[in-house]
Amino acid sequence: MIRGGLPVIRKLSKNDDLAQIKALLKEAFPKSYDTNEALEEEVSDFLKEDYIVFIDIEKNEIKGLIGAMPQYGHTGYELHPLVVKKTYRQQGIGKNLLKTLEATLAKQGCLILYLGTDDEDFQTSLSQRDIYEDPLEALKNIQNLANHPYTFYLKHHYKLLGVIPDANGINKPDIIMGKRLIP
Ligand SMILES: CC(C)(COP(=O)(O)OP(=O)(O)OC[C@H]1O[C@@H](n2cnc3c(N)ncnc32)[C@H](O)[C@@H]1OP(=O)(O)O)[C@@H](O)C(=O)NCCC(=O)NCCS
């Protein structure tokens, strides 16, 4: 953790400015958070006991957030969400949030951190056609057509584990990725 006037990564608390978190989510995922209710529900989930949420904060400005919840006892956690404010992207904030979460979960005995990263805007080759016939072949040959974040996770040693075709509508799949957290 870095202290002083520099950015700090720390756990989210109920005393943090939750309006900033809502704005962050809405900016990054306008389709998922198109109502106030959806935002309220998500942010109140973040404050639940078993949800692990870290923020990157500098001088009261929340620049990024990462969260994860247990799904298989304590051996598997689902990463959701990871978001960095648009103006601060490509500066290593996402990478640092991810490393902080991974280190924390590994210490708790978590074996796998996994996630679903949607392709709702035709950003990968998986959304260019019907992939039902051979989804794993399509996944093996995946191409990033428009800056889809799956490449960010590949860079951090996440593996492509599967794909759920049509998860978000016709030819709008969810790409499943995961990383083993122990050596
Ligand atoms: C994906 C996201 C969290 C990355 O955060 P970030 O702070 O911009 O990423 P970093 O600066 O830490 O990037 C680390 C590395 O990943 C790369 N990277 C970041 N975003 C990338 C993308 N969309 N596609 C490919 N590579 C990417 C960076 O170039 C950098 O590579 P380098 O180490 O070789 O220079 C951020 O772009 C974001 O909030 N996007 C919108 C929300 C989203 O898509 N979240 C993930 C949904 S599952």
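**Figure 1. Secondary-structure elements around the ligand.** β4 (76–84), α3 (93–107), β5 (112–118) and α5 (150–155) each contribute at least two residues to the shell around the ligand. Helices (H or I, at least four residues) and strands (E, at least two) are DSSP runs, numbered from the N terminus. The model is predicted: local features need pLDDT of at least 70, side-chain atom pairs count only at pLDDT 80 or more, and totals for chains, interfaces and linings use all residues. Residue numbers start from 1 along each chain as its sequence is written. The ligand is surrounded by 18 residues, and the closest are R89, G94, K95, T117 and T151. Sorted by class, the shell has eight nonpolar, seven polar and three charged residues. Ala, Val, Leu, Ile, Met, Phe, Trp, Tyr, Cys and Pro count as nonpolar, Asp, Glu, Lys and Arg as charged, and the others, Gly among them, as polar.

Figure 2. The protein chain is divided into domain 1 (1–110) and domain 2 (116–183), with bounds that come from an automatic or database domain assignment. Their centres, taken over C-alpha atoms, are separated by 22 Å. Eight residues of domain 1 are in contact with five residues of domain 2, where contact means C-beta atoms, placed from the backbone, within 7 Å. The side of domain 1 that touches domain 2 has four nonpolar, one polar and three charged residues. The ligand lies between the domains because both give residues to the shell around it.

**Figure 3. The largest nonpolar core.** This core has 38 residues, and L65, L101 and L113 have the most contacts inside it. A nonpolar core is a set of buried Ala, Val, Leu, Ile, Met, Phe, Trp, Tyr and Cys residues joined through C-beta atoms within 7 Å. A residue is buried if 20 or more other C-beta atoms lie within 10 Å of its own, exposed if 12 or fewer, and partly exposed in between, with C-beta atoms placed from the backbone. Elements that give two or more residues to the core include α1 (18–28), α2 (36–46), β3 (61–72) and β7 (174–180). Each of domain 1 and domain 2 supplies at least three residues to the core. Leaving aside neighbours within four places in sequence, L101 is in contact with I52, F54, I66 and A68.

**Figure 4. Strand β2 and its partners.** Five of the seven residues of β2 are buried. Strand β1 (residues 8–11) runs antiparallel to β2 and is joined to β2 by four bridges; strands pair if DSSP finds at least two bridges between them. K11 stands opposite F54 in β2. Seven bridges join β2 to β3, also in an antiparallel arrangement, and I55 has L65 in β3 as its bridge partner. β2 and β3 form a hairpin with two residues between them, and K59 in the turn has a positive phi of about 45°.

Figure 5. Most residues other than glycine have a negative phi, and most peptide bonds are trans. N60, in the loop between β2 and β3, has a positive phi of about 65°. N60 is exposed, with 8 other C-beta atoms within 10 Å. Q90, in the loop between β4 and α3, also has a positive phi of about 65°. Q90 counts as exposed, with 7 C-beta neighbours inside 10 Å. The peptide bond from H80 to P81 is cis, with omega near -5°, and P81 is found in strand β4.

Note on methods
Near = placed C-beta within 6 Å. Contact = placed C-beta atoms within 7 Å.
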